[in-house]
Amino acid sequence: EAKIEELKSSKTTAEALSGAEVDEYDKLVGTIQLKSDEAAELREAVDQFQFSQAEFDIKQELVQNLEVEISDLNDRLYTVDFEISKLEDTLSRRLSFDLDAVEQLFREADSIFPDAIKKSYQELIRFNQKINEDRGTRLREQLQSLQEERGVLQVRHRKLDEERRDNLQAIQGTDAFEKFKYHQSRLAKLEVDIARSQAQVEILDEATGFIKDMRSLQLERSNLIDAIAEIVRNGSELYSEIKKEFNRMLNAIIEINALISIVVNGEGNLEFDASLLHRGDGEDVSMEGRGTSYMQLMCCIFDLTLLMTRRSSGFFRFVYHDGVFEGLDNRKKLKLLDVIRNVTGEHGLQYILTTIDADMPRDASGAIVPFDDANIVLELHDEGDDGRLFKMPRF
C-alpha cells in the first residue's frame, strides 16, 4: 500500500511536470502528428519559395478558427464587462435611512415618535446593514473573479489579434522575402510546439509506467488479502490456544463464555472482535460485552492471554493496566486478582496495575482486601509532596 501511494504521488508529479494528464496522451500524439504534417508542408514551401498552399491554409485557419474564437471572446468580454459594471454599481449603493430625519418629521407634526417603533426601526437598520455586509462580501468575491477572468480574456484576445494581423499581412503582402521570413517564423514556432508536445509525451510515458506498476502492485495486494483471508479461515495452533485461554480466564471471573473472532475488512486488514455469549447459550452474542466495565475486563484478559500464549517466543513478559477494577463488583475483582496471580506465577510474567482506594476489592463485610506490602511499589496521596509521583511541588 505504501508503494502504491508512492507511485500515485509520482504519477501526479509527472502529470504536473507535463502539464497534461495521462488521459490526454492519445490527443497529444494526434496533435504532434497533425503539426508534423503541417510543418513538413511548410518546410517544403519555404525550401521551394512556393507559398500559395501555405497561404491557403492560413486563410482556412483565419476563417475556421481565429475569427470564430475572436468572435466568441468578444461576446464573453462584453458579458463580463456588463456583469462587472452591474456589480460595481450595486456595491456603490449604501443603505440610506436617516432615523434622525424621521424623528424630526414627527416633532414637526407635533406627534410623539414611540420608543417601541424607534427600537424596531433601529433593529431593522442593523438587520439590513448585516445583510448588506454579507451580500457585499459575496459580491466582491464575484467581482474579483470576473476581473481575473477579464484579464485572462484580454491577454488571449491580444494574442489572437496579433496572430490574425500577422496572418493577414502574410496573405495580403507582395514582398516575397517578407513572406519567406513570415513562413520561416511559422515553421520555427511549429517545431517548438512539436518539441514541447513530444517532451510532454515522454513524461506521460513515465506516468503510464507508474500506472502499470500500480496495477501490478494492486494485483499483488489483492493476492495478499486473499492469502490473509485463507490464513484466518484455516486458523493456527496459536490462535486456537488464544481463544481457549481467553475464554477460560474470563469464564473463571464472570462465568460467561467469551469468543474472539477475526474479520478481514474491505481494506484487507484484520479486525479483532471479542464477544460475550448468552449464559447457557453457546451461540447468541450478549450485549453485556458492550458495557464499559466488561470491555475493559476483556481487554485486560486479552493482554494476559497474549503474554501467556507467546511466552516461549521472545514476546513481552510484562503488562500494565490502569483502573482495571473500575465498575466491577467485589466478587469479580477478587476473582480477577486470583486469575492474575495464577497466570503471572505459573508463566513468570510481571503484572503492574494502578487503582484508587474507592476501587480496591472488598470482602463480604465491606473491608478493603489489602495487598501485601511486597506487592506495593508506590503509594500516592494528596497529603503533601511526598505523596506525589515525583515528590515535588505542583507547578
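The model is predicted, so local features need pLDDT of at least 70 and side-chain atom pairs count only at pLDDT 80 or more, while totals for chains, interfaces and linings use all residues. Residues are numbered from 1 along each chain as its sequence is written, and side-chain values use heavy atoms, with hydrogens and water left out.

**View 1. Ser197 in helix α6.** Ser197 sits in helix α6, residues 176–234 (helices are DSSP runs of H or I with at least four residues, strands are runs of E with at least two, and both are numbered from the N terminus). Ser197 counts as buried because its relative accessibility is 9% (buried means under 20% relative accessible area, exposed over 50%, partly exposed in between, with a 1.4 Å probe and protein chains only). Setting aside neighbours within four places in sequence, Ser197 is in contact with Leu28 and Ile32 (contact means heavy atoms within 4.5 Å).

View 2. Strand β1 (residues 258–264) pairs with strand β2 (residues 270–277) in the antiparallel sense, over 7 bridges (pairing takes at least two DSSP bridges between two strands). Look for Ile260, which stands opposite Ala274 in β2. The hairpin has 5 residues between the strands, and Gly268 takes a positive phi near 85°.

**View 3. Helices α7 and α9.** The axes of α7 (residues 237–254) and α9 (residues 330–347) come within 8 Å and cross at roughly 145° (axes are lines fitted to C-alpha atoms, for helices over the stretch in contact, and angles run from 0 to 180 degrees between N-to-C directions). On the α7 side, the contact is made by Met249, Ala252, Ile253 and Ile254, and on the α9 side by Lys332, Lys335, Leu336, Val339 and Val343.
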